[in-house]
Amino acid sequence: MSGTEILALAVAAAAAGTINAVAGGGTLIIFPALLFFGTPPVTANATSTLALVFGTAGSVYGFRQQIAPVTPWLKRFVPLSLLGGLVGGVLLTRTKEDVFARMVPFLILFATIIFVAQGAFRRFAGFADKSETASAPHRRALWAAVLFQFFVAVYGGYFGAGIGILILGSLGYLGLTNIHEMNCLKTVLGSLINQVAAIYFIFAGLIDWPKTLVMTAGAVTGYFLGAHYSQRIPQPRVRQIIMAVGFVISAVMFYRQFR
């Protein structure tokens, strides 16, 4: 790799890590950067997944104070997240990307709209408007969210761009209102999904290791800074950032698909 490529990939990974820690969608920065420097698409996908997996260590540490309050939710969502991530990773290596890629803009846009309208959804479903994370949502809403999380995990293992928005939309529908705790859940679940897929990609021989090492350094820095400083931003502002990222991601994906 040239010095320019090393610097560009490190900066792209740092930006991706920061965006993932705050709202998700960093894959849409790091994946095109790899393609720009001639990395084959499937290898670029697998390599970016592994680089961001290493980077999540910084993000999870940044959210360490939020882990305890969301532990009950982790017990509900972790098993299917791991299974879905593995299924998605296998699908990437055994199916064409075209069909699933066509669904991506619609999934991200749908989840962003859910996140924007989560207050109306909670009132319609009869959830209490609480300032902290709820622990006992309606049973049907919980099962729907768990099933949705499985499909999010499959998508995350397959490609992964925008899974943070999808997870946040699901959590908002359940009645969770503390955006920092929601971000913590999103970060941990997204990390586990990517870890399972990345392990499969390693055994499948899809990783470009030199580029992974370069991007890991940038991603760790970006994740930590994003997780640390996002908690100092007022919750309404973080929500606005998440909404903006969701609409931008969906617009980019629609443009790439229909241009």
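A salt bridge here is a side-chain nitrogen of Lys or Arg within 4 Å of a carboxyl oxygen of Asp or Glu. With that cut-off in hand, here are the close-up views of this predicted model.

**Figure 1. Lys211 joins Glu5 and Asp208 in a network of salt bridges.** The side chains of Asp208 and Lys211 meet at 3.9 Å from N to O, which is within 4 Å, so the pair counts as a salt bridge. Lys211 also forms a salt bridge with Glu5, and here the closest N and O atoms are 3.5 Å apart. Are Lys211 and Glu5 buried or exposed? Both of them are buried. For Lys211 the relative accessible area is 9%, and buried means under 20%, so the label follows directly. By this rule the count comes to 2 salt bridges.

**Figure 2. The protein chain is built with 11 helices and 0 strands.** If you trace the protein chain along the sequence, the pattern reads α-α-α-α-α-α-α-α-α-α-α. Of its 259 residues, 53% are buried. The remaining views pick out a few of these helices and some residues within them.

**Figure 3. Helix α4 has a kink at Phe77.** The bend is about 40° and lies shortly before the proline Pro79. How far apart are the end C-alpha atoms of α4, which covers residues 71–94? They are 35 Å apart, and the 24 residues at 1.5 Å each should span 34 Å, so the two values agree. Phe77 itself is one of the buried residues of α4. Others on that list include Trp73, Leu74, Val78, Ser81 and Leu92, and the glycines Gly84, Gly85, Gly88 and Gly89 are buried too.

**Figure 4. Helix α4 packs against helix α9 (residues 179–203).** Their axes lie 8 Å apart, at an angle of about 35°. The crossing of α4 past α9 is right-handed. What classes of residue make up the contact of α4 with α9? By class, 17 are nonpolar, 4 are polar and 1 is charged.

**Figure 5. Two residues of helix α9, Ile199 and Ser191, can be set side by side.** Ile199 has 48% relative accessibility, so the residue counts as partly exposed. Ser191, by contrast, is buried, with a relative accessible area of 4%. For orientation, the C-alpha atom of Ile199 is 8.8 Å from that of Leu86, a residue 113 positions away along the chain. The C-alpha atoms of Ser191 and Gly156 are separated by 9.8 Å, and these residues are 35 apart along the chain.

**Figure 6. Leu34 sits in helix α2 (residues 27–36), and Thr47 in helix α3 (residues 41–62).** Leu34 is buried, with a relative accessible area of 0%. Thr47 is buried as well, and its relative accessible area is 0%. In α2 the buried residues are Thr27, Leu28, Ile30, Phe31, Ala33 and Leu34. Leu34 and Asn45 are 11 residues apart along the chain, and their C-alpha atoms are separated by 8.6 Å. Just after α2, look for Gly38, which takes a positive phi of about 85°.

**Figure 7. Helix α8 (residues 163–174) is mostly covered.** How many of its 12 residues are buried? The count is 11. Among them are Ile163, Ile165, Leu166, Ile167, Leu168, Leu171 and Leu174. Gly164, Gly169, Ser170 and Gly172 are buried as well. The length of α8 can be checked in the same view: its 12 residues at 1.5 Å each should span 16 Å, and the end C-alpha atoms are 17 Å apart, so the helix agrees with expectation. Just after α8 comes Gly175, with a positive phi of about 110°.

Technical notes. Residues are numbered from 1 along each chain as its sequence is written. This is a predicted model: local features need pLDDT of at least 70, side-chain atom pairs count only at pLDDT 80 or more; totals for chains, interfaces and linings use all residues. Side-chain values use heavy atoms; hydrogens and water are left out. Helices (H or I, at least four residues) and strands (E, at least two) are DSSP runs, numbered from the N terminus. The expected span of a helix is 1.5 Å times one less than its number of residues. The bend at a residue is the angle between axes fitted to the seven residues ending there and the seven starting there. Buried means under 20% relative accessible area, exposed over 50%, partly exposed in between (1.4 Å probe, protein chains only). Axes are lines fitted to C-alpha atoms, for helices over the stretch in contact, and angles run from 0 to 180 degrees between N-to-C directions. A crossing is left-handed if the near helix is turned anticlockwise from the far one by less than a right angle, and right-handed if clockwise. Ala, Val, Leu, Ile, Met, Phe, Trp, Tyr, Cys and Pro count as nonpolar, Asp, Glu, Lys and Arg as charged, and the others, Gly among them, as polar.
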